[in-house]
Amino acid sequence: MDKGTLVEFRVQGDSRLGVVDRPDGKTRWFVVDERGQSHSLAPRQITHTVNGQTYKPSEIANFLEQVKPYLDPSSLEVAWELLVEDGETVTPSQMANLLFSESDAPQCYAAHCLLSEDKLYFKQKGDAYEPRTATQVAERKHQIEVETLKAKGQQEFLGRVEQALKGEPVEWQRHDRQRLEALEKYAVLLADIVRTGVNFDSLARAYPPGVPVLETMNMLGRSATPQAAFQLLIDIGWWNTHENLFLRRSSIPVQFPNKVLEVAQQRLDFPPTDLDVNRLDLTHLKVYTIDDESTTEIDDGLSWELLPDGRERLWVHIADPTRWLMPEDDLDLEARKRGSTVYLPTGMIPMFPEVLATGPMSLVQGKICCALSFGIVLDQTGSVEDYRIHPSLMKPTYRLTYEDVDEMLELGVEAEPEIAAIANSAQRRKAWRYNQGAISINMPEAMIKVKDDDISIEILDDSSSRQLVAEMMILAGEVAARYGQTHNIPLPFRGQPQPELPPEQELLQLPAGFVRSCAMRRCMPKSEMSITPVRHAGLGLDTYTQATSPIRRYSDLLTHFQLKAHLRGEVLPFSAEQLKEVMMTVTSTTQELTMVERQTNRYYALEYLRRHPQQVWQITVLMWLREDSNLALILLEDLGLQLPMVFKRSVNLGEQLLVKVSLADPQKDMIQFQEIIYQEAQSAAN
């Protein structure tokens, strides 16, 4: 190239004009740009040569001013329409003649600029340009339109995120929701840290973010990690600070499908025909329902009557949801999918739509209700002497809380002798079960509730009223199972293998109370389900099934379906094999529910402790988790919580100490305590 030749070249991705000055070695050239900067260029960096005359660097700006009037990209469409039919290639010089009827240096360079920057109509082929086909242009127009809309959508999304970050109300759009839902799915991986103990780095490697997540987080300048996605969703108000990731990670449906809600409303508006046409009328009996004050699904009531022969009959009335549904209908299949009502500190997720569960399915005070009633006569020892089971009509007389019943028993309220009679039967019944080998393990149980971000923890005491209700429910379960066994009815029987408890001498060496109970609890095998009767060692019963919570437990609903069909003399809705298959599905679901309930309770327990860093707690050392590293399970006596603690000195099982929380991170499932007496002693020594 001659000195003074004007060339276009690329430096760090940018195109510039420069004037050739002199050679630089055998293959390179020194080129000076309009700023006077010299560049050593290889031939591949030179993208265009302006022919016709020589220039000085100072003339480049003027040359560009001459080029400007010709840089109209829309003019290429006209040229493309003229050339596309023949598919002819065209050089910048030829394009200049076609577009401007001139081919001087400014026009030729303008044509070069238009062609080299065009992504729609022409593609480069050597030093010339070939028109794309009509189909290719149409496809590229569509692609550009999509990309433009996408870029516009991204900018609008960023604008709404900025609004949300300022705390302003935002109306999220459909495409926003798709982005945010992708972030949700990625953020819930945090729950795996708690479930599996995997650390953050390992989790990130195992679950790399998908394209939508990566794109969104990069666009917002945040790292694409599950914890960053979680924090973003909180920052924009999409989630709250204590979003339940365990629940989101599970397959538990939180909302009911519209179709199921519609069916529930139809059943309420147009009650189906009652298949139990000969219900036993028990509306003359005084019926007590006993629950926590907050309970809305009331599924059991108790009565007592004196028979003409002087014997006493207990009645356990159980809500009859099968009055409102049939096996395999929409309501039944939805309940089966859910497995049971889920009880979380923040509230419950019902098994049936609330309009039915807390309405006609429940035993509502003062209303005539359908029930499945178990009439039971006990002998003097507490064994079942006689029983009868009837679909019934009954009318709850009193809705009582456990506290109400405890007070009535303590005061000996003469106006309600039935309560005392039921309590006496419950005590006799309990004594009989323990004579049959039932095993008593008394450990405090924490009840955690969250309302308006306020966390409260109470200990569920083993009061007389709770024992009364528990014994009556166990009694009804035994009677239901005995009926199934007698009539060879497949039911979801529950059993528990006989535990191998430590020798009595070994147990006596442990401190009495919670430590001993904890040691026994470790030896208790899991309960089992079977379609044939099996002994329940923990309850001391040869046969048992759960039948008293059909609004809240699907396995109880199965028992009702089977028993009621047999009582009507109909074919059982579930054969043994069908029942077994359904039970397997339900058992798997309820195991997941139990895990979510346990994890959520633990989360809020740690959050409660995090909020009380200065509180001093009295603890009891229950058992060793890893004695070699001084890791023990402790009981916070005021809260009924059992948590791990590493000790810095030797302690004994049963020892009571004072501790404070030194670290609590519910999101990472971390809790650490410090023994305050030990810390103070260390400080004094120093």
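Predicted model: local features only at pLDDT ≥ 70, side-chain atom pairs only at ≥ 80, totals over all residues.
Helix α2 (residues 75-83) has five names on its buried list: S75, L76, A79, W80 and L83. Buried here means under 20% relative accessible area, exposed means over 50%, and partly exposed lies in between (1.4 Å probe, protein chains only). Residues are numbered from 1 along each chain as its sequence is written, and side-chain values use heavy atoms, with hydrogens and water left out.

**More on helix α2**

- Helices (H or I, at least four residues) and strands (E, at least two) are DSSP runs, numbered from the N terminus.
- The arc is that of the directions from the helix axis to the C-beta atoms.
- An α-helix has 3.6 residues a turn, so residues three or four places apart point the same way.
- On the face of α2 turned away from its buried side, you will find the exposed residues V78 and L82.
- The cover over the buried residues of α2 includes the helices α3 (92-100), α4 (105-117) and α5 (134-165).
- Strands β6 (122-125) and β7 (128-131) are also included in that cover.

**Helix α12**

- Helix α12 (residues 258-269) is made of 12 residues and reaches 16 Å from its first C-alpha to its last, close to the 16 Å expected at 1.5 Å a residue.
- That expected span is 1.5 Å times one less than the number of residues in the helix.
- V260, V263, A264 and R267 are buried in α12.
- Seen down the axis of α12, the buried residues fall within an arc of 100°, so they line one face of the helix.
- Helices α13 (330-338) and α14 (354-357) are included in what covers the buried residues of α12.

- UniProt, in an unreviewed entry, lists residues 279-569 for "domain: RNB".
- UniProt positions are given in the numbering used here, feature names are shortened, and annotations may be inferred rather than shown by experiment.
- Residues 279-569 are 33% helix and 25% strand, and the end C-alpha atoms of this span lie 14 Å apart.
- A335 lies in helix α13 and is buried, with a relative accessible area of 0%.
- Leaving aside neighbours within four places in sequence, A335 is in contact (heavy atoms within 4.5 Å) with M351, F352 and Y554.
- A335 and L557 are 222 residues apart along the chain, yet their C-alpha atoms are separated by 9.3 Å.
- T289 is placed in strand β9 (residues 288-291) and counts as buried at 1% relative accessibility.
- Leaving aside neighbours within four places in sequence, the contacts of T289 include I298, D300, L363 and Y398.

**The chain as a whole**

- The secondary structure of the chain comes to 22 helices and 25 strands.
- The radius of gyration of the chain is 39 Å, well over the 26 Å that the globule rule gives for 686 residues, so the chain is more spread out than a compact globule.
- This radius is taken over C-alpha atoms, and the globule rule is 2.2 Å times the number of residues to the power 0.38.
- Taken along the principal axes, the C-alpha atoms fill a box of roughly 130 × 80 × 45 Å.
- Of the 686 residues, 47% count as buried.
- Among contacts with a separation of 6 or more, 65% are accounted for by residues 24 or more positions apart.

**Loops with a positive phi**

- D452 has a phi near 50°, a positive value in a residue other than glycine.
- D452 is in the loop between β17 (445-451) and β18 (454-460), and is exposed, with a relative accessible area of 74%.
- D669 is not a glycine either, and has a positive phi of about 55°.
- D669 is found in the loop between β24 (656-665) and β25 (670-675), and counts as partly exposed at 24% relative accessibility.

**Cysteines**

- The structure holds zero disulfides (pairs of cysteine sulfur atoms within 2.5 Å).
- For C108, the nearest cysteine sulfur is that of C113, 11 Å away, and C108 counts as buried at 15% relative accessibility.
- For C370, the nearest cysteine sulfur is that of C369, 7.8 Å away, and C370 counts as buried at 18% relative accessibility.
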